[in-house]
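Subject: Structure handover

Hello,

Please find the structure below, with the sequence alongside. My notes on what was found follow after it.

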Amino acid sequence: MERVIYEQRVSEIIRQGYLTKSPPLEKGSAFKKWQRRWVIFRSDDGTLNLQYYKTEAECGAGVVPLGTIMLDNCLAIQRDMKHSHYKNIFAINTPEREFFFSADSKHEMEEWVHALTSTMGFMTGNTRSLPRVSSLPSHVGTANAPLRRQNSHTASPPPPPP
């Protein structure tokens with residue numbers, strides 16, 4: 001009798017829903033439109049990623065995602081970003097690119113940020129110890145310090161009292 005062992009892929013959806021995604025911040029991208037996308041935050045065999053589709057139906061139909069953001073090397077997450085047209089914006093900073101998403105409400109933005117940061121082990125940082133996002137266009141600004149992964153390289157002690 002022959003034994004056959006199948007490798008099982010463990011995939012868990014952590015959060016999903018519609019978000020409006022910015023185009024890449026490249027030369028001329030100011031003229032590109034932000035697009036509403038169905039976004040899934042998942043863990044595939046322990047690898048965290050965000051996949052985005054044109055619609056929820058495409059995801060259910062097995063269509064290949066429009067894009068996948070690998071989150072294992074995520075540097076920071078910022079919330080409450082300011083924009084001239086969109087509200088409830090959060091950013092995901094990776095070594096390759098910064099991704100901006102706009103949620104339909106402040107509450108929904110906070111839920112996305114909480115799901116991402118709690119799953120990835122991020123902590124709230126102090127603005128003096130964290131780098132400022134450099135590639136934000138002039139019409140996008142930050143309201144809060146970025147959230148960074150907690151480890152010996154990014155954690156810093158609180159500032160001394162004045």
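**The nonpolar cores**

The largest nonpolar core has 22 residues, and those touching the most other members are Leu-50, Leu-71, Phe-90, Ile-92 and Phe-101. Two or more residues of this core come from each of E2, E3, E6, strand E7 (98-102) and H2. H2 is the biggest contributor, giving six residues. A nonpolar core here is a set of buried Ala, Val, Leu, Ile, Met, Phe, Trp, Tyr and Cys residues joined through side-chain atoms within 4.5 Å. Buried means under 20% relative accessible area, exposed means over 50%, and partly exposed is in between, with a 1.4 Å probe and protein chains only. In soluble globular proteins, nonpolar side chains tend to be buried together.

Not counting residues up to four places away in sequence, Phe-101 touches Leu-19, Thr-20, Lys-21, Trp-34, Val-39, Leu-50, Ile-69, Asn-88, Ile-89, Phe-90 and Ile-92. Contact means heavy atoms within 4.5 Å. Another core, of five residues, lies apart from the largest one, and its members include Met-81, Ile-89, Ala-91 and Phe-100.

**What kind of model this is**

This is a predicted model, in which local features need pLDDT of at least 70 and side-chain atom pairs count only at pLDDT 80 or more, while totals for chains, interfaces and linings use all residues. Residues are numbered from 1 along each chain as its sequence is written, and side-chain values use heavy atoms, with hydrogens and water left out.

**The chain as a whole**

The chain has two helices and ten strands, in the order β-β-β-α-β-β-β-β-α-β-β-β from the N terminus. Helices (H or I, at least four residues) and strands (E, at least two) are DSSP runs, numbered from the N terminus. Of the 162 residues in the chain, 41% are buried. Among contacts between residues at least 6 apart in sequence, 54% join residues at least 24 apart. The chain has an accessible surface of about 10100 Å², and carbon and sulfur atoms account for 51% of it. Accessible areas come from the Shrake-Rupley method with a 1.4 Å probe; for residues, only the protein chains shown count as cover.

**Salt bridges**

How many salt bridges does a search of the whole structure find? There are four, counting a side-chain nitrogen of Lys or Arg within 4 Å of a carboxyl oxygen of Asp or Glu. Side chains of opposite charge can pair when their charged atoms come close.

- Arg-15 and Glu-111 meet through their side chains at 3.0 Å, N to O. This pair links distant parts of the chain, with Arg-15 in strand E1 (residues 11-21) and Glu-111 in helix H2 (residues 106-120), 96 residues apart. Glu-111 is partly exposed, at 33% relative accessible area.
- Glu-110 and Arg-79 form a salt bridge at 3.9 Å, N to O. Glu-110 is in helix H2 and Arg-79 in strand E5, so the pair ties together parts 31 residues apart in sequence. Glu-110 is partly exposed at 27% relative accessibility, and Arg-79 is partly exposed at 23%.
- Asp-80 and Lys-106 form a salt bridge at 2.5 Å, N to O. Because Asp-80 lies in strand E5 and Lys-106 in helix H2, the pair ties together parts 26 residues apart in sequence. Asp-80 is buried, with a relative accessible area of 12%, whereas Lys-106 is partly exposed, at 43%.

Asp-45 is not a glycine, yet its phi is positive, near 50°. Asp-45 sits in the loop between strand E2 (35-44) and strand E3 (47-53), and is partly exposed at 45% relative accessible area.

Asn-88, also not a glycine, has a positive phi of about 55°. Its place is the loop between strand E5 (76-83) and strand E6 (89-93). Is Asn-88 buried or exposed? Asn-88 is buried, with a relative accessible area of 17%. Asn-88 is also one of the residues that Phe-101 touches.

Asn-93 is in strand E6 and is buried, at 7% relative accessibility. The side chain of Asn-93 makes a polar contact with the side chain of Gln-78 at 3.5 Å. A polar contact is a pair of N or O atoms within 3.5 Å; within protein, one must be able to donate a hydrogen and the other to accept it, and residues adjacent in sequence count only if both atoms are side-chain atoms.

Lys-33 lies in the loop between E1 and E2 and is exposed, at 64% relative accessibility. The C-alpha atoms of Lys-33 and Thr-20 are separated by 9.9 Å, and the two residues are 13 apart along the chain.

Regards
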